[in-house]
Amino acid sequence: MADTAHNTGDNAGAGPDVPEDLARCAMVVEHAIDHLKQEKFPPLAVASALLGGALGVLARSMDRDTVLRILDSAAASVRSGDVHASVHADTEAGPGN
């Protein structure tokens, strides 16, 4: 993992606990999503491709039980409303805030 003590301005909005490598990966993914949205790809196609790619990365790098724990955690975040709350908070903050 990357050292979080020396985060640059590039990921300052992500919070001090986000490792630099994670923040950079997130930035690349966000740029890709923006590009696909500009190209008018349907959100379901974009999300399905990203989820499928993520599952592939997980399957190649960890065992089945670990992948299932990650998916269970993600499902719990959806059920609790945390995912939608964070999306609404990002939307209300606007770009650059």
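Setting aside neighbours within four places in sequence, L55 is in contact with V67 and L71, where contact means heavy atoms within 4.5 Å. L55 lies in helix 2; helices here are DSSP runs (H or I, at least four residues; strands are E, at least two), numbered from the N terminus. L55 has a relative accessible area of 32%, so it counts as partly exposed. For that label, buried is under 20% relative accessible area, exposed is over 50%, and partly exposed is in between (1.4 Å probe, protein chains only).

A few ground rules before going on. This is a predicted model, so to speak: local features need pLDDT of at least 70 and side-chain atom pairs count only at pLDDT 80 or more, while totals for chains, interfaces and linings use all residues. Residues are numbered from 1 along each chain as its sequence is written, and side-chain values use heavy atoms, with hydrogens and water left out.

**Confidence and overall layout**

The predictor's confidence in each residue is its pLDDT, on a scale from 0 to 100. The protein chain has a mean pLDDT of 85, with 79% of its residues at 70 or more. Residues 1-14 are the part to watch: their pLDDT is below 50, and the stretch has 18 contacts in the model beyond near neighbours in sequence. Where pLDDT is low, the predicted coordinates should not be read in detail.

The chain has 4 helices and 0 strands, giving the pattern α-α-α-α along the sequence. Of its 97 residues, 9% count as buried. Its accessible surface is about 7,700 Å², with 62% of that belonging to carbon and sulfur atoms; the areas come from the Shrake-Rupley method with a 1.4 Å probe, and for residues only the protein chains shown count as cover.

The expected span of a helix is 1.5 Å times one less than its number of residues.

| Helix | Residues in helix | End-to-end C-alpha distance | Expected span |
|---|---|---|---|
| Helix 1 | 19 residues | 27 Å | 27 Å |

K40 is in the loop between helix 1 and helix 2. Its phi is positive, about 65 degrees, although K40 is not a glycine. Most residues other than glycine have a negative phi. With a relative accessible area of 71%, K40 is exposed.

V46, in helix 2, is buried, with a relative accessible area of 9%. Leaving aside neighbours within four places in sequence, V46 is in contact with I33, L36 and F41. The C-alpha atoms of V46 and L36 are separated by 7.1 Å, though the two are 10 residues apart along the chain. The buried residues of helix 2 are V46, G56 and L58, and their cover includes helix 1 and helix 3.

**The largest pocket**

The largest pocket holds about 1,000 Å³ of space. It is lined by 28 residues, of which V29, E30, I33, L50 and V87 are the closest to its centre. Helix 1, helix 2 (43-61), helix 3 (64-80) and helix 4 (82-93) each supply at least two lining residues.

On a 1 Å grid over the protein atoms alone, a pocket is an open set of points with protein on both sides within 12 Å along at least five of seven lines, and lining residues have an atom within 4 Å of a point. Grid points are joined across faces, edges and corners, and the volume is the space filled by probe spheres set on the points.

Technical notes:
On a 1 Å grid over the protein atoms alone, a cavity is a set of points where a 1.4 Å probe fits but cannot get out, and a pocket is an open set with protein on both sides within 12 Å along at least five of seven lines; lining residues have an atom within 4 Å of a point.
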